[in-house]
Amino acid sequence: MKFDKPRSLGEALSILADAELEPHLLAGGTDLLVEIDTGRTAPPHVVDIWGIPELHGIQREAEGVRIGSLTTCTELYRDARTPDILRDAAWEVGAEQIRNRATIGGNLGTASPAADLTPVLFALGATVRLCARRGDRDLSARQFITGYRSNALRPSELIHSVWIPDRPDDERRAFRKVGTRRAQSISKLVVAVAFRIEGEVVIACRGGAGSVAPRTIDLPVLTREILGRRCTPERIAHAARMSAALDCAPVDDVRSTALYRREVFARVLVDLLSR
Amino acid sequence: MRHVGNRVARPEGPAKVEGRAVYVDDIPRAKDEWVGGTLRSPVAHGKLRCIERGDFDFSRVVVVTAEDIPGDNVQALIVDDQPILCADTVRHVEEPIALVAAPDQGTLCAALDALEPRIDPLEPVFDAERSQDVQSEISIDKGDVDATFEGATRIVEGEYHTDSQEQLYIETQGMIADPPTADGTITVRGSLQCPHYVQKALRRAFAVPPEKARVVQCETGGGFGGKEDYPSVVACHAALLAHASGHRVRMVYDRNEDLLATPKRHPSRVRHRTVVADDGTLLAMDIDVLLDGGAYTTLSPVVLSRGVIHAAGAYRCDNIRIRGRVVGTNHVPYGAFRGFGAPQVCFAIERQMDRIAASLGIHPVVIRQRNMLRLGDRTATSQLLKESVGSEEVLRRILAHTGFDRHEWRKERSGNKRRGVGLSFFYHGAGFTGSGEEMLKGKVTVELDDDGCALVRAGSTEIGQGKNAMFTAIAADALGAEPDAITIVDPDTAAVPDSGPTVASRTCMIVGGCLDKACRTLADRVGGDPNTPFRERASAFVRGGGDAVATETYGSPPGLQWDQNAYRGDAYPVFGWAADVAEVEVDLTTFDVEIVRFVTCVDVGHAIQPQIVEGQIEGGTLQSIGWSHIEVMTAENGRFRQDRLATCIIPTSLDTPPIDVLLVEEPFSNGPFGAKGVGELPMDGGAPAIASAIEDAIGVHVTHVPATPERLLEAWLEAHPDDAFFEAKR
Amino acid sequence: MIQFRLNGEAVSVDAHPMARLLSVLRRDLRLTGTKEGCGEGECGACSVVVDGKVVNSCLIPMSQIDGTEVLTIEGSGHANIQDHFLAEGGTQCGICTPGMIMATRAFLEDAEATGAAIDEDSVRAALAGNLCRCTGYGKIVAAVLAAARTEGDA
C-alpha cells in the first residue's frame, strides 16, 4: 500500500494529480478503517488528508456559510453558524467518539445511502466545492451524489468544502432520523425538508432523504405536489403519499423493511411539514 | 452479619478500573506463540467430500482435521452428537471443518483462504414446526385437563413467539492453549464460565485423565450463558492446534466470527389454551412449547426442561398439561442465555394472562392476584411451596410504588405519542432442576494459612456478577473474620474443586451455601474468644497443628422429591419471585417505543451484597428490555443476519430508562444467610411487561418479541386500515 | 517513526501509518487496558482520549496520531473517577470499564471547559458510545455524577 500524508492542500492536489493508482482519501477514518479491517477494501494508495489545515473549519461568507470538508460532526453541532437542521443531523451521527472523527466531507465522500448529513445538504440546497490542481468546480450536493456509494469526485479531486446559502427568515426546516436505537445507530430512514409558506401557500420546498433508495435522494415529487398549493392537512398527506410512492425506492435489509420505510417515510413527512 | 448485607469491595475491582485486569487477549504474547483460526462451512447442510488445498505453502502452518483428534471427535456435553470438527455431514453454517495454526495473523488468513471445503449440498430444515428431528420431549400432567375442557364455557387461546437473542458479552470468546508438557498435561486458559465443563471436553478430545487437562479462567468480560458451553469448543480447537504444532496457540474470535458461530437464545413458539371461570380463576391450562434447538443437541434438553417447568407461570391451577419439545434444524445450535428457556415461556404466559384479563374485562392485576401461587400452594409439577414465597409481597410492593392497580389498562388513548403501562409477574427456580444438585455434588474447600487467612477454593467463576465480593462477605461473616483475611482463589482446575458450573442462579445459593458451611466448620474448630480477632485465633490454631482445611459438599435440603420420568415433585429447592411495571411511549409516526420508566420488585431471599444484587437486577432487566423491542437476531438460510455490532443492536445508555429496583427479602432456610438465586430472574419479566405496556398504549395485542417498530406498524395498520398510506402487501 | 505523547511521555513507534492505534497500544506498546470489543467503532471499549477528545482507537490510523497527545486508562492512574466507579457499582465484568472511564474523563473535562450542564441526561448522552451489557447503565451514570460532584476536591 502506498501512503501519503500531505500537509497542505497544494501538496495534496499534486499527489492526487500525479497518482497512478486510484487513491483512497482518508479523512476521520470512521468508514475507511472498517472497510479495510473487514477486507471490503484493499486500497493500493491511501492519501491521509486529515492534516490539511485548509480543509478544517467553518467560515461565514457573504451569502452563506462555508464548511471545510474535514469539519467533524462535533464541530458542526457545536457551532452556532451551522444551520439548525444540520446541527440536529450532526448530533444524531453515532455517538461522541464517532462525532469527534466523522466529517462532513467523509459523509459525502462515502456516498452511503444511509448518510445522515447528506439529505440535509440536499434540503438546504448546499453546494460542494471540489478541488484539483487544474482548478476547482462547484456542484450541488444533489449533483455530487451519483448513485449507490458513488459520487462525482474524480481521482484527481478532493472535497474542499460545502457551501450552504443563508436561510430566508421565514423558512421552516425540519429533520428526522429514524434509527435502530437512540444513539450509535445507522438510519432506517432519514428525512430533511426546508420550505416556505406565504399566506397559506407553499412558495418553496426542498427535501432530501436517506436509506429509502439506493442513494441519498432529493424529493422532486414532494416539491411538485406541494409547491404553489395551499398547505392543508389533506394536501400535505397527498404530497407525502406521492413522494413516498414515487421519490422512494426502499428495500428490505438487516435494519428494516421496505414496507416500514415507505409508510413511515410518508408519516414522517407529514409530521415534518405540519410542524 | 457485618459484611453480609453491607458493601464489601470487589476484590478484582481496582484492577478492572485501572485497566490492569488480565483478560485472555491481554496475556502477553509468548515468543514462539502461534495464532489459530477455524475453517467453517459456508452452507447449512451437506456432505463434506474433501478439503481442497489451494496455492499456498502449507509447510508454514499446521492444519488439523477430524482425523487428527487424539481422543473422540465429540464435543462432550449431554448427547454425543456434535463433533469437534466436521468429519462427514455439515449440519449448520459456520460449522468448524478444519483448524489452522500459523506464526502470525497474515499467514493464518492466507492459509485459511487457500483451504476450500467441497460440500455436496443437502436440503436444509430451518422451520422448527416442520422438523421431524426431536432432540428432547417433556410432558407435565396434573389433574384432568380434558375433562375440564369438555365442560368449559370460557376458553382463551393464544399463540406467542419469541425470536433469538445474542448474549453480546463485550469480550468475545477466546482461549490460549499450551502444547502438552512432558507428562502430557494440556493447559488452556481463557474466557469462560465453567472450568470443569471445559476440562470434561478436553478429557474426551484427548483421552486423558482430569489431572492432565488443566483449565484456567482469565478475567472474563461477560458471559450471560454464552460462555457456559461454547468455551469448550474454542478450548478443544486451541488445544488441538497447540498439540499439533508444538506452539502455544491463541484463538480469540473477532466479533464477526463470534456473532456468526456461537449459540444464542432459542427461538420459541408457545400455544396456550386456558379454561377460565367467570371470576378469572384458572381452571385448566393446556400449553404447547416448541423450541428450535439448532443443528446439535448441546444444552437444549436442559433449556427445554426449565422452559416446560416454568410454562404455566407463577400461577395456581389444578389441571395442567404441558407438552414441550425441542427440535433439530440446520440453524447454528442455540444454547444457554440467562433465563435458559424461562424468558420465552414467561413472555407467553404473561401475555396470555393479559389476554384472559381483557377477555373478562378485569384488570391485569386482578387476574394475577386471583391466581398467583402463594405459600402452601402447589406448582405445575405439584411442588408444595413451603417457604420463602415472596409472591404476594412483590406484587403488593410494586403496586404501592407504581399505583398500577389504579391504572385504567387498555383505555382508548389519543394523540400521536401514546403512553401505556404494563405489568408482569413471574418466578424463577434457583439452582439446578430436580435432582441436578444432588447428582452434581458441588464442592467448596476453605483452607486457613499460618497467618490466619482463609483461602476459598471454588470452581465458581467471577464473570462480573460479583462472585468474589459475595463469597468474601459470606466467608467473613461465617468465620467471624474481616474481609482482608479472605482470599478467593482464581478458578484453575489444578487448584479448585468442581463446585458445579457458574450458571442457573446457583453460585450464591448453592456454592455460597457450601462456603458458609465450610467456614462455620472451620470457625468451630478454631474456637476461642470471639472478642479476639479471628486472624489471631486462626493463626494460633494453624500453627498449633489444627486441621486447617474444610471441604463442604452440597447436599439437598431434606424432604426434596423429584420424579424425573413423570416430571413431578420438587423441581427446584426454592423460587425467586418478581414483578415488573413498565411505562412506555409509542410514537405513532415511527412506532418507536420509548421506555419511560421501569420498576422491578424482586424477592431475593436475602441480599448478600445489596449493591451487587441491584446491579444484577438492573443488568438482567435491561437485557429483557432490549429483547422486548430493539434486539433483533434473525437467521436467513441458516446464517445470522446481524453479524456486526453495527447491525446487532443492544441498548445504549440513551435507550435505557432509569430502573427502580425494590428488594423483598423472604429468607430461604437452606440458603446462605437466607439468600436464594437472582441471576436469571430479572431476564424473565421485562419483555412481557413492555409488551403489555405497548398494548395498553396503542391497543395492539403484542404476541411476538422483539416488538420492533416494523412489527408494531404492521399490527397497527391491520387494526387501523384507514390510517395507512399504502396497502400492506402480504 | 511516528512520534506522539502517550500518557504524558514522549514516545515514538515504528508502525505502518494505517495501523490502528488500538493495535499499536495493545501489541507494540503492551498497554492492554484499552480493550477491543468490535473493531468497528460501535462498542467504545477501545475509547482513548486524543488531544482532549474521546475517540475509538480501533478507527484511528497511526498516521493521525503523529504529533498528538494520547491518554489511555493506564495514564489515568487510580483517581477520582475510578473510585466512584467502584463505590457506585459501576463496574461488573469490567471489559467496558476502561473505555467508559476514558469517555467520562473527556466528558467531565469538556464540561468544565465549556460550562456545559452535567446531569443525568448529559451523562447518558456522553456515554452512548460505550456499550455495557452487565449493569443496565444506572450505576455507571451514578458513578459519573458522583465523580462530577467531587471532581473539584480530587
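Reply: Chain A contains eleven helices and 14 strands, where helices (H or I, at least four residues) and strands (E, at least two) are DSSP runs numbered from the N terminus. Its radius of gyration is 19 Å, close to the 19 Å given by the globule rule for 275 residues, so chain A is as compact as a globular protein of that length. That radius is taken over C-alpha atoms, and the globule rule is 2.2 Å times the number of residues to the power 0.38.

The model is a predicted one, in which local features need pLDDT of at least 70 and side-chain atom pairs count only at pLDDT 80 or more, while totals for chains, interfaces and linings use all residues; side-chain values use heavy atoms, with hydrogens and water left out. Residues are numbered from 1 along each chain as its sequence is written, and chains are lettered from A and ligands numbered from 1 in the order in which they are written.

Along its principal axes, chain A has C-alpha atoms that fill a box of roughly 60 × 45 × 30 Å. Of its 275 residues, 59% are buried; buried stands for under 20% relative accessible area, exposed for over 50%, and partly exposed for what lies in between (1.4 Å probe, protein chains only). Contact means heavy atoms within 4.5 Å. Among contacts in chain A between residues at least 6 apart in sequence, 59% link residues at least 24 apart.

The account now turns to the boundary with chain B. Chain B brings 32 residues to this contact, and chain A brings 32 residues. About 2700 Å² is buried between the two chains, with carbon and sulfur atoms giving 58% of it; buried area is the accessible area (1.4 Å probe) that two parts lose on being put together, summed over both. Glu710(B), Phe725(B) and Phe726(B) provide 28% of the area that chain B buries against chain A, more than any other three residues.

Four salt bridges cross the interface of chain B and chain A, a salt bridge being a side-chain nitrogen of Lys or Arg within 4 Å of a carboxyl oxygen of Asp or Glu. One of them joins Glu594(B) to Arg182(A), with the closest N and O atoms 4.0 Å apart.

On the side of chain B that touches chain A, the elements giving two or more residues are β24 (593–603) and α17 (709–719) of chain B. The most comes from α17(B), with six residues. By class, this side of chain B has 17 nonpolar, five polar and ten charged residues. Here Ala, Val, Leu, Ile, Met, Phe, Trp, Tyr, Cys and Pro count as nonpolar, Asp, Glu, Lys and Arg as charged, and the others, Gly among them, as polar.

Which residue of chain A shows this boundary in detail? Arg267(A) touches Leu588(B), Thr589(B), Phe591(B), Leu713(B), Trp716(B), Leu717(B), Asp723(B) and Phe725(B), leaving aside residues up to four places away in sequence. Arg267(A) belongs to helix α11 (residues 258–274) of chain A. Its relative accessibility is 8%, so Arg267(A) counts as buried. The side chain of Arg267(A) makes a polar contact of 2.5 Å with the side chain of Asp723(B).

Chain B also meets chain C. That contact takes 44 residues from chain C and 50 residues from chain B, and the area buried there is about 3700 Å², of which carbon and sulfur atoms give 54%. There are seven salt bridges between chain C and chain B, including the one where Lys139(C) and Glu618(B) meet at 3.6 Å, N to O.

Arg133(C) sits in the loop between α4 and α5 of chain C, and counts as buried because its relative accessibility is 5%. Its side chain reaches two backbone oxygens, that of Glu166(B) at 2.9 Å and that of Gln167(B) at 2.8 Å. Among the residues that Arg133(C) touches are Phe224(B), Phe337(B) and Glu631(B).

Definitions and conventions: Polar contact = N/O pair within 3.5 Å; in protein donor to acceptor, adjacent residues only side chain to side chain.
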